[in-house]
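Subject: Structure handover

Hello,

Here is the structure we talked about. Please look it over, then read my notes below.

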Amino acid sequence: MLTFVTPDMLLPILALLVLSIDLFIESKNKTAILFDTAAAGVLLIIVLLFNLPHDQEFYYLTNYKVDGLRLLFKEIFAISLFFTILLGKGYARKNGNWRGILKYDSEFIALLIFCAFGMFCVVSAQELITLFIGLELATIPMYFLTAYYKKDQSSLEGAMKYIIMGSLTSALVLLGYSFWYGAVGCLRYEAILSFVQTNPDNPMFLAGAIFVFAAVCFKLAMVPFHMWAPDVYQAAPTPVTAFLSVASKSTAIAFVITLLYGPLAPIRHVFTYPLGILACITMTVGNLGAMRQYELRRFMAYSSIAQAGYIMLALVGNGKMAVPSIIYYLFIYLATNFCLFFIISVIGQKRPEEFASLRGLAKQSPALAGILVLCLFSLAGIPPLAGFTGKFMLFASAAEGGFYGLVIFAALNSTVSLYYYLLLIKEAYINKPEEDLESLEITFTQSFSIAILTLAVVILGLIPWFSSIITKIVG
Amino acid sequence: MIDTLFIILSLMIIFFATLVVTLPNILHCALALMASLFGSAGLYILLNAEMTALAQVAVYIGGVVIFIIFAIFLTTRMGEKTTPSSLPKIGWGLVLSSFAFAGFYGFYAKYLNSVSTTGYSTAEDGSMSAVGKILLNTGSEGLIIPFEIVSVLLLMTVIGAVVIARAETKALNCDSESQENI
């Protein structure tokens, strides 16, 4: 039965393996060896995860649960880890990025893998302490990784902001836990669940819930706790930004879902209105903020704030569709966002990652420009791309709960977002570059990853069985 | 007896906590923080939580405050005084803190009965051996999983801290040059 936790156990082992390869192997191609080993290892873990039976429940040492929902989340984390490592490989070589070479490769990879391990712990936890330590393990590496360009002042500044905000978040989570512990007297999910069933409106417990959810809003960069996100996304190296925007966000969502559909299930309706209002404000602020950006990573930060708003909207519906639609959307969001970040990494090799650097892309590389359009349309939710199906399911889940007003508001917001996604397309297709552009280099890893991700963006929207499989597993 | 001790300890904590934010010399603030943390360690002893009290002394007083003092020595000149807060700032601080106090006081005064009296509240549960048994227990009450994960967390933190704090020496640059020339 240990096979259920093998992927989790392999992750820290893989991190140590990468570190020891760096120590013991002397080779001119060490960077490539490190990244390839890590990618191969993570690929193995992904295969293992997909091969586990998704219809069974397994408890490891009684406090570590593995089931279909948790496996799906772990697949999301592992796939994002895989693509982050591939994305990082491009940054660890000469001329990989205009900001300089990413040094300390083995530590970079190891920190990412430890981070993914923390995310695994967050979803599998069955008591609050594992949940908290997993959350810390998923966050602290990101502080280091944000500061990875050590000579860049803005990078350090962003990391500093992230540490301060992140520590505040951890303190809030613990404060919330202390209220819960005071009310329940036990930290296990089962005990909390039975307590909440008998005392649904214990004020002590609800006060704790407010603190915990404020902390989750920090992690998810929900308004009014979103101010750290643009600075951190801009400061971090692009692979780290990609990982932050996909995996860290998914972790926060997994945190909410495991709590709301686990120990807090009897009082889920309490959170409906606050979540709905926050989701609407978040998507509006994200959309308005994105309109005024000219730096690509900052733009992606605001775009992902808006996306978090759409995702949280599905939780409002409270029905059977909520969790499957969110997981389905996370898979699509993963493919689309990583595809965009790979395009940004190709552009960012010699030019700063700004809107202006996209000029002339359509002439220089029509294929890349075409893929950029596909991804942006998918994020905006244009049929028949995957983003449309995903967003449709999210909104349908909210509509299932009868929140038609919120759905209309979100749909309007989604239309507004089309404006700024089109701005990027305008830069790529219409605006002329001011000077002659250096040719774009694209490595095999990059073209391979972009090809796979583009395929996913197109196909996931067209095949209907993918969403029904997820619904079958989770529902 | 316990009530008197509690009042003495609480007054001590509040007194030194006020000193932390009002003293002009930042080093004195750090020392006052140390005294305040000793007070809370005393509170844990009153609650029979000897393990927590020891951890408080070892980690906060022995670690965190010493760390703060190091940071102060490295970044400020001795004898340097921080600028005293202006009167409006103190006023706002008072208003905000009294709101917070009123909020928490009101909450606890009204809902104190909703605190659980079951669970881990017997005297021996705070003892060192009881905590050790819970940490290494593989059963449903045990916390072996977080105990193990913490080791990964610490390893990761050390690796990350070394990477960030490491000086970029010449030798290392040559090393990375040779890596670049692949």
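The expected span of a helix is 1.5 Å times one less than its number of residues. Helices are DSSP runs of H or I, at least four residues, numbered from the N terminus. Take helix H18 (residues 444-462) of chain A: its 19 residues should span 27 Å at 1.5 Å a residue, and its end C-alpha atoms are 27 Å apart, so the two agree.

This is a predicted model: local features need pLDDT of at least 70 and side-chain atom pairs pLDDT 80 or more, while totals for chains, interfaces and linings use all residues. Residues are numbered from 1 along each chain as its sequence is written, chains are lettered from A in the order written, and side-chain values use heavy atoms, without hydrogens and water.

Now the interface. Contact (heavy atoms within 4.5 Å) links 46 residues of chain A with 39 of chain B. The two chains bury about 3,800 Å², 72% of it on carbon and sulfur atoms. That is accessible area (1.4 Å probe) lost on being put together, summed over both. In chain A, A:Tyr104, A:Phe144 and A:Lys150 lose the most area to chain B, together 15% of what that side buries.

How many salt bridges (Lys or Arg side-chain nitrogen within 4 Å of an Asp or Glu carboxyl oxygen) are there between chain A and chain B? The count is zero.

Regards

Technical notes:
Helices (H or I, at least four residues) and strands (E, at least two) are DSSP runs, numbered from the N terminus.
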